[in-house]
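Biologist: Before the discussion begins, please display the sequence together with the structure. The questions will then proceed from the sheet to the helices and the loops.

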Amino acid sequence: RKGTAVITGASSGLGLATAKALAETGKWHVVMGCRDFLKASRAAKAAGMEKGSYTIVHLDLASLDSVRQFVGNVRRLGMPVDVVVCNAAVYQPTAKQPSFTADGFEMSVGVNHLGHFLLARELLADLTSSDYPSKRLIIVGSITGNTNTLAGNVPPKANLGDLRGLASGLDGVSSSAMIDGGEFDGAKAYKDSKVCNMLTMQEFHRRYHGETGVTFASLYPGCIATTGLFREHVPLFRLLFPPFQKYITKGYVSEEEAGKRLAQVVSDPSLTKSGVYWSWNNNSASFENQLSEEASDPEKAKKVWELSEKLVGLA
Ligand code: NDP
């Protein structure tokens with residue numbers, strides 16, 4: 001039978017390119033979890049995705065209610081859930097003030113981490129009961145959260161500190177909007193959220209791989225400098241970033257190539273190892289990459305997991 005892959009944020013960029021790459025193989029049905037139904041439907045059509053190869057289900061990760069409804073609606077489709085890809089993200093590098101999700105969490109960590117944390121925890125039951133031979137839960141990471149890299153050392157650097165902000169709910173009123181309790185910084189909040197994504201993947205692996213056989217993985221697909229992720233950046237940055245990545249750092253990848261990479265992590269029979277953070281070299285060959293000290297700290301992963309459980313109402 002065809003596999004079914006749930007992909008969040010499949011209305012643009014990496015998520016759309018991955019949905020297209022999977023649907024084109026004829027071996028996958030893609031459930032696109034998107035906050036803007038019309039945009040997603042236009043994007044799928046414009047990408048040339050065949051009708052019947054995908055289903056769009058509404059999902060706003062900035063609302064835990066919407067995440068719960070999404071899980072219910074996915075179950076009502078009556079399809080198995082064989083792979084889940086937590087891909088959607090917001091990046092607000094120029095925001096002077098924090099904005100907040102429906103549940104009052106700072107937006108970047110709320111959407112990129114907490115919304116996905118609840119979604120992944122809920123859909124783990126569905127993955128576990130699927131009879132697909134290689135079931136996977138993938139959480140998209142990033143080089144920018146990894147301070148063991150050049151890109152990860154561009155200030156402001158990711159740093160979750162002692163998690164005091166996360167512990168008090170990131171509401172910006174009784175506590176700071178930042179995980180480490182510091183001053184709000186939109187670029188840092190994004191990087192912190194990506195560290196949470198990578199820690200969550202590893203904690204899932206430690207807690208559930210043995211029991212469920214599900215492969216848990218994260219990845220850095222390369223710098224896809226042309227996606228909507230940079231839409232809130234200053235115009236000069238948006239103009240110069242793609243050529244800078246293409247010609248100077250040589251870290252640039254097209255959306256199509258990045259989509260193929262993520263599609264490999266979804267379906268390639270050679271990428272079944274669990275607990276891995278995948279990257280690709282200049283010849284587009286995949287390899288197991290090292291995470292930074294903070295992004296691979298098991299104690300921190302456990303704390304982030306436990307605090308996140310409380311915030312999303314699972315504990
Ligand atoms: P895009 O902005 O193109 O895509 C992000 C997607 O997330 C969009 O579909 C967007 O929906 C969706 N989204 C945002 N907020 C919400 C929400 N509240 N609920 C549901 N969906 C939401 O960026 P990319 O494709 O670049 O990013 C995809 C992933 O890749 C992210 O996890 C990012 O961290 C990661 N990444 C990107 C890199 C890059 O260089 N671009 C490098 C490394 C990692 P909508 O279309 O409605 O806006």
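Biologist: In which sense do strand β1 and strand β2 pair?

Modeller: In this predicted model, strand β1 covers residues 3–8 and strand β2 covers residues 28–34. Within the pair, threonine 4 stands opposite histidine 29 of β2. The two strands are joined over 6 bridges, and the sense of their pairing is parallel.

Biologist: Which strands stand at the edges of the sheet?

Modeller: The sheet is open and has 8 strands with mixed pairing, in the order β3-β2-β1-β4-β5-β6-β7-β8. An edge strand has a single partner, so one of its sides is left without a neighbour in the sheet. From one strand to the next, the twist averages 25°. The strands at the edges are β3 (54–58) and β8.

Biologist: At about what angle to β3 does helix α2 run?

Modeller: Helix α2 comprises residues 37–46 and lies across β2 and β3. Helix α3, residues 64–76, lies across β1, β2 and β3 and runs at about 145° to β3. For helix α2, the angle to β3 is about 165°.

Biologist: Are α4 and α9 roughly parallel or roughly perpendicular?

Modeller: Helix α4 spans residues 107–129 and helix α9 spans residues 298–311; their axes come within 10 Å and cross at roughly 85°. Angles of 65 to 115 degrees count as roughly perpendicular. The orientation of α4 to α9 is therefore roughly perpendicular.

Biologist: How many nonpolar residues does the contact of α4 with α9 have?

Modeller: From α4, the contact is made by His113, Leu114, Phe117 and Arg121, and from α9 by Val304, Trp305, Ser308, Glu309 and Leu311. By class, 2 of these residues are polar and 2 are charged. The number of nonpolar residues in the contact is 5.

Biologist: How many charged residues does the contact of α6 with α9 have?

Modeller: Helix α6, residues 186–212, packs against α9 at an angle of about 95°, with the axes 9 Å apart. The two helices are therefore roughly perpendicular to each other. The contact includes Glu203, Arg206 and Arg207 of α6 and Lys300, Lys302 and Glu306 of α9. Alongside 8 nonpolar residues and 1 polar residue, the number of charged residues is 6.

Biologist: Is serine 292 buried or exposed?

Modeller: Serine 292 lies in the loop between β8 (286–288) and α9. Leaving aside residues up to four places away in sequence, serine 292 touches Gly145, Asn146, Thr147 and Asn148. Its relative accessible area is 1%, and a residue under 20% counts as buried. Serine 292 is therefore buried.

Biologist: How far apart in space are proline 93 and tyrosine 190, C-alpha to C-alpha?

Modeller: Proline 93 is found in the loop between β4 (83–86) and α4, and it is buried, with a relative accessible area of 17%. Beyond residues up to four places away in sequence, proline 93 touches Gly186, Ala187, Glu232 and His233. Proline 93 and tyrosine 190 are 97 residues apart in sequence, while their C-alpha to C-alpha separation in space is 8.0 Å.

Biologist: What ipTM does the predictor give the complex?

Modeller: The chain averages a pLDDT of 95, and 100% of the residues score at least 70. For the complex, the predictor gives a pTM of 0.97 and an ipTM of 0.99.

Definitions and conventions. Residues are numbered from 1 along each chain as its sequence is written. This is a predicted model: local features need pLDDT of at least 70, side-chain atom pairs count only at pLDDT 80 or more; totals for chains, interfaces and linings use all residues. Side-chain values use heavy atoms; hydrogens and water are left out. Axes are lines fitted to C-alpha atoms, for helices over the stretch in contact, and angles run from 0 to 180 degrees between N-to-C directions. Helices (H or I, at least four residues) and strands (E, at least two) are DSSP runs, numbered from the N terminus. Angles under 35 degrees count as roughly parallel, over 145 as roughly antiparallel, 65 to 115 as roughly perpendicular and the rest as oblique. Contact means heavy atoms within 4.5 Å. Ala, Val, Leu, Ile, Met, Phe, Trp, Tyr, Cys and Pro count as nonpolar, Asp, Glu, Lys and Arg as charged, and the others, Gly among them, as polar. Buried means under 20% relative accessible area, exposed over 50%, partly exposed in between (1.4 Å probe, protein chains only). pLDDT is the predictor's confidence in each residue, from 0 to 100. Two strands pair if DSSP finds at least two bridges between them.
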